[in-house]
Amino acid sequence: MSNLIEIRWHGRGGQGAKTASLLLADAAFNTGKYIQGFPEYGPERMGAPITAYNRISDEPITVHSNIYEPDYVVVVDDTLLDSVDVTAGLKPNGAIIINSTKDGAELKKLLKGYSGDIYKIDARKVSMETLGKYFPNTPMLAAVVKVSGIMSEKAFLDDMIGSFKHKFAKKPEVIDGNMKALEMALKEVTKV
Amino acid sequence: MGIRERLSGNEAAAIAMKQINPDVVAAFPITPSTEIPQYFSTFVNNGQVDTEFVAVESEHSAMSACIGAQAAGGRAMTATSANGLSLMWEMIYIASSLRLPIVMSLVNRAVSGPLNIHNDHSDAMGVRDSGWIMLFSENNQEAYDNLIMAHRIAEHQDVLLPLMVCQDGFITSHSIENIELIEDDKVKAFVGKYEPKHYLLNDKEPIAVGPLDLQTYLFEHKAQQAQAMRNAKKVIADVSAEFAKLTGREYKFFEAYRLEDAEIAIVCMNSTAGTTKAVVNHLRDSGVKAGLLKIRMFRPFPAEEVAAALKHVKAVAVLDKADSLNGAGGALFEDVVSGMYVSKVQIPTVNYIYGIGGRDTTEKDITKVFEDLKDIASNGEVNNPYRYLGLKEEI
């Protein structure tokens, strides 16, 4: 399965890393892919480190285990860089995407010499400007789509509006803000 | 054509129950199966099913309510996991001995203690001798398909036994994956109407259900239960064949994956079989003749058929996701080797206890088993047949 893409999400309980992994699975599914989206359930509580995973492929996926050698890692909260080995097993030709305002040198230092590509995005800024509240998962979702190229930006945005309409059926007023967050995040993510 | 969807294993089970639209669902929430009655109660609330949902105060009552409903003449379903099944224990045996074709979705989880909410098969293995038909499912699709077939099997006049459909807690119950659903009307036509021959609410035929049964007849009734379990094999084969015509998805007693010309083989159940398939494919690419036998029908156990399917291989590993703590191998291992012995199939066979309490089982772990099997096949010696896979310390 050479077209298999494996993604590992690191976040803290309550930040929506699990939801983001499920939304990514949804979007990829809607472009015709085979998908898996699953969290690693531990002793979950607000603020505790959590991990979620995605497998995305053109062929059926039969493996049922966690992901140890991901192509991409998404870090929803950069305070995890101190305590979690986020680049463990990350492929050197892959990439890590971090929600952070730290500068490139600082991030590189925290990643202990990871040789692959490093991307960052200030998801707080994107979220506050578009949603008025801090929901980092929406910008991070757009960032990983942009970096991984799993689907075109247009296909992604077209699909997400449908997902948000469904997800926020009872809160339609937040759909616009979420779409704006995705659009802005696609522009804001930068290579370190 | 079917409906292309993406669902978790729990969602798939709940959707199957919605399409089956049973008369009664009685359930008590327990991780990781909680979502099944949770989703189902939404369907009830929205009027999408006609089911009477009984929110009981314990699993013992859940199974008791199912027994009452099914004995009265209704179709009853439930869902549970681990200690929930333990609490049902008494009523599990009563359901099967009363020959009530109740259907359960069992989302496998380690039975305490110490407390653990993650997947292994210790809950299912605890009821392997209780007289329930037990079907295991590799993924959400199989959990769904097995449930759609369940009533047709359980309610058949030659069977009349309760049936549980197992899937791995969290690993498949909480993983969103692709699935192909069957249209509502086709499910309805396939499952059919429940028409019990004898039932309590039939005022034209007053009957007693579950009276005293002492030395004079209990033995005969147990033998009839055992015979019903033997009969279930043909019914499972027939219903699965009909299901294949409807969906194109073929189910046998077990799936023989690249096993026909295999020299080394793994026998296992549920989600690990999917991981094993990926490893088998890698090994085949490098010329290693590896194969998989994935048990779907664990009760009744297809002893003769398993032995026949394995008789040409040079070494076999049986993977048990529950330890029988007997010093002599897990339950699946015992069933496989006793089947082989009776069929005079003498192949070096080794047992691995693995994945206990949610210990992740990776492609690397499965590759290690096949490496061991290569050694066993080449020198014909098993040495230690009782092994662990993925244990962090030497015992």
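This is a predicted model: local features need pLDDT of at least 70, side-chain atom pairs count only at pLDDT 80 or more; totals for chains, interfaces and linings use all residues.
Student: Let's start with helix packing. How are two packed helices described?

Tutor: By the angle between their axes and the distance between the axes. Take helix 6 (residues 140-154) and helix 7 (residues 184-191) of chain B. Their axes come within 9 Å and cross at roughly 25 degrees.

Student: Are helix 6 and helix 7 of chain B roughly parallel or roughly antiparallel to each other?

Tutor: Angles under 35 degrees count as roughly parallel. Helix 6 and helix 7 of chain B are therefore roughly parallel to each other.

Student: Which residues of helix 6 and helix 7 of chain B meet?

Tutor: Helix 6 of chain B brings B:I148, B:H151 and B:R152. Helix 7 of chain B brings B:V187, B:F190 and B:V191. By class, the residues of this helix 6 and helix 7 contact in chain B are 4 nonpolar, 1 polar and 1 charged.

Student: Now the interface. How is its size given?

Tutor: Often as the accessible area lost when the parts come together. Here we can go by residues. Chain A puts 17 residues into the contact, and chain B puts in 18.

Student: Which element gives the most to the side of chain A that touches chain B?

Tutor: Strand 2 of chain A, with 6 residues. Helix 1 (17-30) of chain A also gives two or more. The side of chain A that touches chain B has 10 nonpolar, 6 polar and 1 charged residues.

Student: Which strand of chain B pairs with strand 2 of chain A?

Tutor: Strand 8 (residues 176-181) of chain B, in the antiparallel sense, over 2 bridges. Look for A:Q36, which stands opposite B:E177.

Student: Next, burial within a helix. Which residues are buried in helix 3 of chain A?

Tutor: In helix 3 (residues 123-131) of chain A they are A:A123, A:V126, A:S127 and A:T130. Seen down the axis of helix 3 of chain A, they fall within an arc of 95 degrees, so they line one face of the helix. They pack against strand 5, strand 6, helix 4 and helix 6 of chain A. After helix 3 of chain A comes A:G132, with a positive phi near 75 degrees.

Student: What do the buried residues of helix 2 of chain B pack against?

Tutor: Start with the residues: B:E35, B:I36, B:P37 and B:F40 are buried in helix 2 (residues 35-45) of chain B. Their partners in chain B are helix 1, strand 2, strand 3, strand 4 and strand 5. Just after helix 2 of chain B, B:G47 has a positive phi of about 70 degrees.

Technical notes: Residues are numbered from 1 along each chain as its sequence is written. Chains are lettered from A and ligands numbered from 1 in the order in which they are written. Axes are lines fitted to C-alpha atoms, for helices over the stretch in contact, and angles run from 0 to 180 degrees between N-to-C directions. Helices (H or I, at least four residues) and strands (E, at least two) are DSSP runs, numbered from the N terminus. Angles under 35 degrees count as roughly parallel, over 145 as roughly antiparallel, 65 to 115 as roughly perpendicular and the rest as oblique. Two residues are in contact if their C-beta atoms, placed from the backbone, lie within 7 Å. Ala, Val, Leu, Ile, Met, Phe, Trp, Tyr, Cys and Pro count as nonpolar, Asp, Glu, Lys and Arg as charged, and the others, Gly among them, as polar. Two strands pair if DSSP finds at least two bridges between them. A residue is buried if 20 or more other C-beta atoms lie within 10 Å of its own, exposed if 12 or fewer, and partly exposed in between; C-beta atoms are placed from the backbone. The arc is that of the directions from the helix axis to the C-beta atoms.
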